[in-house]
Amino acid sequence: MTISLRSTAAVAAVAALGAALAACGGGAGTPDAGSRARMGASASPSPPAAAPSGSAGAPGASAAPQPAPPQAGAPGKAPTMAPGPNGLTPVFERAKQRTDKTVALTFDADMTSDQGPRAADGEHFDNPQLISTLRTLKVPSTVFMTGRWAEQYPDQAKSIGTDPNFEIANHSYSHHAFKSPCYGLPTLDEAAARADVDRAFEAFRKAGAVNTVPYFRFPGGCYDDQALRAISTAKVTAVQWDVVSGDAFAKDPDAVAEQVLSGVKPGSVVVMHCTRSAAPVTEEAIRKIVPELRKRGYRFVKVSELIGN
């Protein structure tokens, strides 16, 4: 996409925003041995929580134990993949079962740790109309949210994260890179990378989100074995994609829709964005994509359903 700019300042602003957003859906990781941890490993559901046991004959023991309510911000019991070689974080791109016409639309809610001043000046990193349209069209979706986005828009994070139509997955706290180079994003070292994942889940908890899942999307989609090793103790499944929507900085919703429609296959994961300022036509594109895919016989699911099947 060609963008005509009139000043050096404008070039710098768009470049910075491009690193924060376009990287998310513009490329894929460059895994080495980590490719062996990618899709193809069997999906395995997280073990169910053990039911509390009562003492036989004790008063009240006949009463069925009540499950504890979900803890806000804690990743739920969604299906995850088995670890890759040497315990590396597994990577999911597309459903292994490719005959069922299901597709997962995913939306990256991007905001870097240093973009607070821009939000204060009126830049919109959210897209409430997109979320409203997904609700109206009854499209189950997975939102990969940064912790900084959840801090900036806690009411929206809670609304999304308590709606059964959605699940919130981790997109890091800072939207800094977990591998270098990665579209000019600042790079986290191994310890900082692991802490960044935890900090995002904590931000979801503070916002009151409940429907969170143990999935992680690398900023920019950039990862290697070192990045997979750095977050292996977080017990998450890394989620990439096989269809790039091209919605970042797009001006033509028809072009975005066509790119998605031409790329979707059974079991696909589509990457889009929930960021008004840098993906302004996504909501309009969705209103074209959803009815057409349904006409073709596709059913929309969350990533958790793709992994579980």
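Trainee: What makes the link between the side chains of Glu283 and Thr133 a polar contact?
Mentor: A polar contact is a pair of N or O atoms within 3.5 Å; within protein, one must be able to donate a hydrogen and the other to accept it, and residues adjacent in sequence count only if both atoms are side-chain atoms. The side chains of Glu283 and Thr133 are joined at 2.6 Å, so the pair is within the 3.5 Å limit.

Mentor: A caution on the source: this is a predicted model, where local features need pLDDT of at least 70, side-chain atom pairs count only at pLDDT 80 or more, and totals for chains, interfaces and linings use all residues. Residues are numbered from 1 along each chain as its sequence is written, and side-chain values use heavy atoms, with hydrogens and water left out.

Trainee: Why is Glu283 called buried?
Mentor: Buried means under 20% relative accessible area, exposed over 50%, partly exposed in between (1.4 Å probe, protein chains only). Glu283 has 11% relative accessibility, so it counts as buried. Of the protein's 309 residues, 51% count as buried.

Trainee: How do you know that Cys182 and Cys222 form a disulfide?
Mentor: A disulfide is a pair of cysteine sulfur atoms within 2.5 Å. The sulfur atoms of Cys182 and Cys222 are 2.2 Å apart, and the two form a disulfide. A search of the whole structure finds one.

Trainee: Why is that disulfide called right-handed?
Mentor: The torsion about the S-S bond of Cys182 and Cys222 is about 80°, so the disulfide is right-handed.

Trainee: Are these cysteines buried or exposed?
Mentor: Cys182 has 2% relative accessibility, so it counts as buried. Cys222, at 5%, counts as buried too.
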